[in-house]
2 protein chains.
Amino acid sequence: MIENSYYSQDQHGPYELYDIGNLELEEGGTIRACKLAYATFGRLNEAKDNAILIPTWYSGTNKIIEQVYIGKGRALDPDKYFILIVNQLGGGLSSSPHNTPPPAGMRNFPHVRISDDVRAQHQLVTKKFGLESLALVAGGSMGAQQTYEWAVRYPDMVKRAAPIAGTAKNTVHDFLFTETLVEAIISDPGFNNGFYSSSTEVREGLLRHAKMWAVMGWSTEFFQRERHKTLGFSSLDDFIINFMYAYFSVMDPNNLLCQAWKWQRGDVSRQAGGDLRTALRRIKAKTFVIPMSSDMFFPPGDCQHEWRLIPNAEFRPIQTIDGHLALFGADPDALQQLDKHLGELLAVEI
Amino acid sequence: MIENSYYSQDQHGPYELYDIGNLELEEGGTIRACKLAYATFGRLNEAKDNAILIPTWYSGTNKIIEQVYIGKGRALDPDKYFILIVNQLGGGLSSSPHNTPPPAGMRNFPHVRISDDVRAQHQLVTKKFGLESLALVAGGSMGAQQTYEWAVRYPDMVKRAAPIAGTAKNTVHDFLFTETLVEAIISDPGFNNGFYSSSTEVREGLLRHAKMWAVMGWSTEFFQRERHKTLGFSSLDDFIINFMYAYFSVMDPNNLLCQAWKWQRGDVSRQAGGDLRTALRRIKAKTFVIPMSSDMFFPPGDCQHEWRLIPNAEFRPIQTIDGHLALFGADPDALQQLDKHLGELLAVEI
């Protein structure tokens with residue numbers, strides 16, 4: 001285990017922990033006394049039909065979802081809905097490499113798949129909260145991967161689905177991009193095969209990782225129009241160090257690698273013997289497929305390809321130059337478009 | 001100096017060497033007894049008005065230009081034109097870090113700018129060949145940077161210009177991408193601050209560099225449509241190792257870094273006190289701006305932005321899913337489009 005004050009109630013609270021016992025993983029490992037960290041907003045109604053589930057993305061926690069997406073008068077309105085945000089395994093608040101006792105932690109933490117997260121969340125949702133349906137599952141990036149997994153795995157339970165800036169089956173190109181993120185970290189001699197004694201020993205690897213996120217996470221136009229300056233940074237270097245690196249440098253490298261491995265292999269077709277068409281046909285949820293127009297690694301084209309295979313789906317791209325990281329919410333116009341789409345999706349009678 | 005059989009007549013010949021003497025560089029250094037490696041095709045006519053100059057791109061030499069772009073019946077027809085391909089400084093055949101004797105070689109090789117290449121080429125073109133005009137300057141990527149530099153610096157001499165998949169002023173995003181390429185190499189402990197004794201000691205850095213080229217060089221759709229398989233590779237790994245890495249692994253790391261530094265800082269506005277509009281207005285050449293539609297780091301939008309500032313220019317994007325590396329010529333349809341554009345440009349009466 002590694003002390004890391006970033007993964008704390010101070011930084012991301014309030015959140016609760018739910019012990020789901022031993023989670024047997026699809027790849028063969030087991031997370032013992034597996035904990036899911038979650039936060040809730042609003043109240044469950046008597047009919048128990050107003051629950052919204054939101055899984056988290058790579059490096060994200062419940063906190064950014066709360067701050068950027070939830071609010072009175074917004075689509076995700078806690079006055080109307082019971083909103084449950086569940087932190088993904090490996091994300092640092094739920095069971096993760098850095099908070100698992102030896103010998104199972106750090107680089108020995110087992111490989112986790114999107115499906116493992118979704119099965120664990122299903123246990124939380126049904127056993128802890130007694131839910132039999134979800135009015136909406138929505139998530140961005142790896143949250144979209146989990147949203148698709150939910151909709152395919154539990155089609156009768158998910159009434160509406162909003163996969164945002166993510167795919168049901170990860171693409172070869174996206175796999176390769178993520179591989180370069182992984183290698184940026186593990187190539188740092190300070191990484192020491194995953195048994196560093198502090199994240200600061202992996203400083204150079206985390207800086208390279210942050211720069212590669214800057215290349216692929218935003219868009220060419222984002223920099224051309226100097227959005228990084230309007231966000232309050234005086235130069236590219238200032239933006240890289242004080243935004244991108246500041247964001248990632250406090251995180252645990254093994255946690256990031258756990259998430260990256262999972263991200264690379266997100267694929268609902270595994271539920272149908274590798275047949276994506278068959279898997280996506282199982283979806284009963286009213287689905288809005290919501291890519292970001294300038295996304296460089298979950299591009300609209302890849303999302304549109306999957307949208308065509310989903311029975312009751314609409315393609316609702318968001319126009320933005322903030323690329324994939326429009327998810328961060330720095331483009332208010334993109335947020336407004338998203339709210340509109342989510343509002344319309346929630347208004348659909350099921 | 002480092003023995004490297006890749007940079008040889010065997011691999012890239014026949015080419016000639018021209019000694020332009022000491023080249024004083026814009027950044028303050030000097031390349032002593034500076035050599036330009038060039039290859040020619042066709043014959044100069046009596047009027048000396050049928051010369052075409054083609055500078056090279058990052059990692060490229062005269063050979064790929066010859067093989068992919070020049071041919072009887074093609075736009076660049078040696079039966080009609082005198083075609084001169086000049087290898088850029090740092091590219092491995094002209095004066096470069098690996099072939100410069102100590103103490104000035106390897107990591108001590110001075111910083112070279114696009115403008116240094118173009119001034120050196122001007123000397124070759126005027127003194128060696130006695131040319132007073134160029135019917136066309138055309139080049140891809142860093143070759144486009146040199147093409148723009150030529151058209152702005154020697155406006156009366158360049159009659160037609162075809163910058164392909166490149167910009168006149170490098171963008172912040174492109175600078176950042178190139179920085180990640182640089183760091184992939186220099187972060188390898190085997191790089192040893194540039195004083196390795198063989199490229200193989202920088203094996204891991206060159207492999208990371210190759211993977212990042214694979215992420216940004218092609219396009220998401222290229223992999224989605226399995227173009228890497230139709231090119232003869234059985235899997236992503238096979239493609240990465242036996243195409244991307246095979247290509248870069250034989251090159252000299254310091255040579256690549258010399259070119260990368262130059263690429264990052266390509267900027268014709270330096271000729272006009274930083275005013276891009278003023279610089280581009282100097283162009284007298286009939287100019288076709290030719291981006292690749294799916295290029296991830298010299299995207300059509302960035303090229304279009306510059307096209308608007310050039311007096312007598314047409315915007316002629318090439319439709320392809322091969323991204324920036326459509327330059328390699330693996331998409332015959334892209335080549336056909338390019339030939340059409342170059343043919344039409346050469347047919348314009350000046």
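Figure 1. P78(B) sits in the loop that runs between α2 (62-69) and β6 of chain B; helices (H or I, at least four residues) and strands (E, at least two) are DSSP runs, numbered from the N terminus. This is a predicted model, in which local features need pLDDT of at least 70 and side-chain atom pairs count only at pLDDT 80 or more, while totals for chains, interfaces and linings use all residues. Residues are numbered from 1 along each chain as its sequence is written, chains are lettered from A and ligands numbered from 1 in the order in which they are written, and side-chain values use heavy atoms, with hydrogens and water left out. P78(B) and F41(B) are 37 residues apart in sequence, yet their C-alpha atoms are 5.5 Å apart in space. Apart from neighbours within four places in sequence, P78(B) is in contact (heavy atoms within 4.5 Å) with F41(B), G42(B), R43(B), I70(B), G71(B), K72(B) and I83(B).

**Figure 2. Two cis peptide bonds.** In chain A, the peptide bond from G13(A) to P14(A) is cis, with omega near -5 degrees. P14(A) belongs to the loop between α1 (9-12) and β1 (16-19) of chain A. In chain B, P102(B) and P103(B) are joined by a cis peptide bond with omega of about 5 degrees. The loop that holds P103(B) lies between β6 (82-86) and α3 (114-128) of chain B.

Figure 3. A33(A) is not a glycine, but has a positive phi of about 50 degrees. Its place is the loop between β3 (30-31) and β4 (35-41) of chain A. A33(A) counts as partly exposed because its relative accessibility is 33%; buried means under 20% relative accessible area, exposed over 50%, and partly exposed in between (1.4 Å probe, protein chains only). A33(B), also not a glycine, has a positive phi of about 50 degrees, and is found in the loop between β3 (30-31) and β4 (35-41) of chain B. With 34% relative accessibility, A33(B) counts as partly exposed.

**Figure 4. The largest nonpolar core and L280(B).** The largest nonpolar core has 251 residues; such a core is a set of buried Ala, Val, Leu, Ile, Met, Phe, Trp, Tyr and Cys residues joined through side-chain atoms within 4.5 Å. The residues with the most contacts inside this core are L76(A), W150(A), L280(A), L76(B), W150(B) and L280(B). Residues up to four places away in sequence being left out, L280(B) touches Y148(B), V152(B), A168(B), V268(B), E306(B), L309(B), I310(B) and P311(B).

Figure 5. A pocket is an open set of points on a 1 Å grid over the protein atoms alone, where a 1.4 Å probe fits, with protein on both sides within 12 Å along at least five of seven lines; lining residues have an atom within 4 Å of a point. The largest pocket has a volume of about 830 Å³, the volume being the space filled by probe spheres set on the points. Its lining has 34 residues, of which S293(A), S294(A), D295(A), S293(B) and D295(B) lie nearest the centre. At least two lining residues come from each of α7 (220-224) and α12 (300-307) of chain A, and α7 (220-224) and α12 (300-307) of chain B. The largest share, five residues, is supplied by α12(B).
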